[in-house]
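Subject: The structure I promised you

Hi,

My notes on what turned up follow below.

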Amino acid sequence: CSDKTGTLTQNRMTVAHMWFDNQIHEADTSENQSGKGFDKVAKGWKSLECVAMLCNRAEFKPGQDQVPILKREVNGDASEAALLKCTELTSGNVIDYRRRNKKVCEVPFNSTNKFQVSIHETNDNDQRYLL
């Protein structure tokens with residue numbers, strides 16, 4: 001997430017641009033996904049989307065199914081909330097995707113390491129873990 005408009009005053013971020021397949025793509029931040037789009041079946045996007053959904057601890061607060069995605073309240077930090085909303089808009093039920101790709105282990109991001117790692121089982125026939 002690079003667009004930090006509102007972060008200092010409202011603790012809010014929005015995904016504005018994404019880098020995949022050696023190109024910068026503009027994110028569609030409209031609720032109905034009617035704005036400028038990108039190839040949502042591109043291999044690079046599918047990989048980025050998987051990472052954004054699984055390497056992320058943010059969750060929607062309960063009881064907001066009727067609230068538009070971009071207006072939902074989220075438990076989690078602003079950058080992870082932005083990624084959650086982006087992937088919920090583009091692919092649908094992120095929480096269900098996480099359930100199908102169970103987290104086995106995690107090293108949370110911290111300022112000393114400057115990285116985050118999560119290891120997941122996958123919902124396909126591949127016995128290897130997703131790192």
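D96 is partly exposed, with a relative accessible area of 28%. Its partner is R100: the two form a salt bridge, with the closest N and O atoms 2.8 Å apart. Both residues sit in helix α4, four residues apart, which is about one turn of the helix. R100 counts as partly exposed too, at 39% relative accessibility.

Before you go further, please keep in mind that this is a predicted model. The average pLDDT of the protein is 86, and 89% of the residues score at least 70. Among the elements, helix α1 (residues 7-10) has the lowest mean pLDDT, 54, while strand β3 (residues 59-60) has the highest, 96. Where pLDDT is low, the predicted coordinates should not be read in detail. 

Back to the charged pairs. How many salt bridges does a search of the whole structure find? The search gives six. One of them links E73 to K61, with 3.3 Å between the closest N and O atoms. Both residues lie in the loop between β3 and β4 (74-75), so this pair ties together parts that are twelve residues apart in sequence. E73 is partly exposed at 47% relative accessibility, and K61 is partly exposed as well, with a relative accessible area of 32%.

Another salt bridge brings together the side chains of E106 and K103, at 3.3 Å from N to O. Here K103 is partly exposed, at 31% relative accessibility. R57 comes in here too: salt bridges that share partners join R57, K103 and E106 into one network.

**A buried charge**

Now have a look at E88, in helix α3 (residues 78-91). Which side chain of opposite charge is nearest to E88, and how far away is it? It is R72, at 4.3 Å. A salt bridge needs the nitrogen and the carboxyl oxygen to be within 4 Å, and E88, although buried, has no salt bridge. Apart from its neighbours within four places in sequence, E88 is in contact with F60, I69, R72, N93 and V94. So R72 turns up in that list of contacts even though E88 has no salt bridge.

**The overall layout**

If you step back, the secondary structure comes to four helices and six strands. Starting from the N terminus, the elements run α-β-β-α-β-β-α-α-β-β. The protein has 131 residues, and 34% of them are buried. Its accessible surface is about 8,700 Å², and carbon and sulfur atoms account for 50% of that. Of the contacts with a separation of 6 or more, 39% are between residues 24 or more positions apart.

**Helix α2**

Which residues of α2 are buried? They are G44, W45, E49, C50, A52, M53 and L54. The cover over these buried residues includes β1 (17-20), α3, α4 (94-100), β5 (103-107) and β6 (117-120).

That's everything from me for now. Happy browsing!

Technical notes
Residues are numbered from 1 along each chain as its sequence is written. This is a predicted model: local features need pLDDT of at least 70, side-chain atom pairs count only at pLDDT 80 or more; totals for chains, interfaces and linings use all residues. Side-chain values use heavy atoms; hydrogens and water are left out. pLDDT is the predictor's confidence in each residue, from 0 to 100. Helices (H or I, at least four residues) and strands (E, at least two) are DSSP runs, numbered from the N terminus. Buried means under 20% relative accessible area, exposed over 50%, partly exposed in between (1.4 Å probe, protein chains only). Lys and Arg count as positive and Asp and Glu as negative; His and the chain ends are not counted. Contact means heavy atoms within 4.5 Å. Accessible areas come from the Shrake-Rupley method with a 1.4 Å probe; for residues, only the protein chains shown count as cover.
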